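Subject: A structure for you to look at

Hi,

I am passing a structure on to you, together with some notes on what turned up in it. Please have a look at the model first and then read on.

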Amino acid sequence: RGLMYVDQMGEFEGMWFSYPEPATIVMWMKNTVLPLDMVFVARDGRIARIVADTVPWSEERISSGGPATGVLELNAGFAARWGLA
C-alpha cells in the first residue's frame, strides 16, 4: 500500500521500498494523496534517479530508468530543499 491514502507526512518521514536484485522499478501514484519525490537508489547506494513532484492520484508509470534496488518516497520538494542529486 505504501503511502496510499496518507494525507500528511513530516519533513523527515517517508517510505522505503527495497528490492533484492537490481531491476527497472516502476511505481505509480494511484490512490496517493500527497505529491512525492521518488528517489531511486542503485545497488551501491548512489542515487540512480530522482523524479520530483509526482502528481497525486495519477496512474502514469514512474520508472527508475535503469537498474535500482530501492525507492525512497519523500514529500515533494524534499530533494531540492536538501540538495539531493
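Helices (H or I, at least four residues) and strands (E, at least two) are taken here as DSSP runs, numbered from the N terminus. By that definition the protein has 1 helix and 4 strands, and their order along the sequence is β-β-β-β-α.

Two notes on the source: this is a predicted model, where local features need pLDDT of at least 70 and side-chain atom pairs count only at pLDDT 80 or more, while totals for chains, interfaces and linings use all residues. Residues are numbered from 1 along each chain as its sequence is written, and side-chain values use heavy atoms, with hydrogens and water left out.

Of the 85 residues, 36% are buried (under 20% relative accessible area with a 1.4 Å probe, protein chains only; exposed is over 50%, and partly exposed lies in between). The C-alpha atoms fill a box of roughly 30 × 25 × 20 Å along the principal axes.

Now to the aromatic rings. Rings of Phe, Tyr and Trp (its six-membered ring) pair if their centres lie within 6.5 Å; planes under 30 degrees apart are stacked, over 60 edge-to-face, and the rest tilted. This rule gives 3 aromatic pairs. In one of them, Phe 12 and Phe 78 have ring centres 6.0 Å apart and planes at 90°, so the pair is edge-to-face. Phe 12 sits in the segment before strand E1 (15-27) and Phe 78 in helix H1 (residues 78-81), 66 residues apart. Phe 12 is exposed at 63% relative accessibility, whereas Phe 78 is buried at 11%. Together with Trp 82, Phe 12 and Phe 78 form one aromatic cluster.

Best wishes
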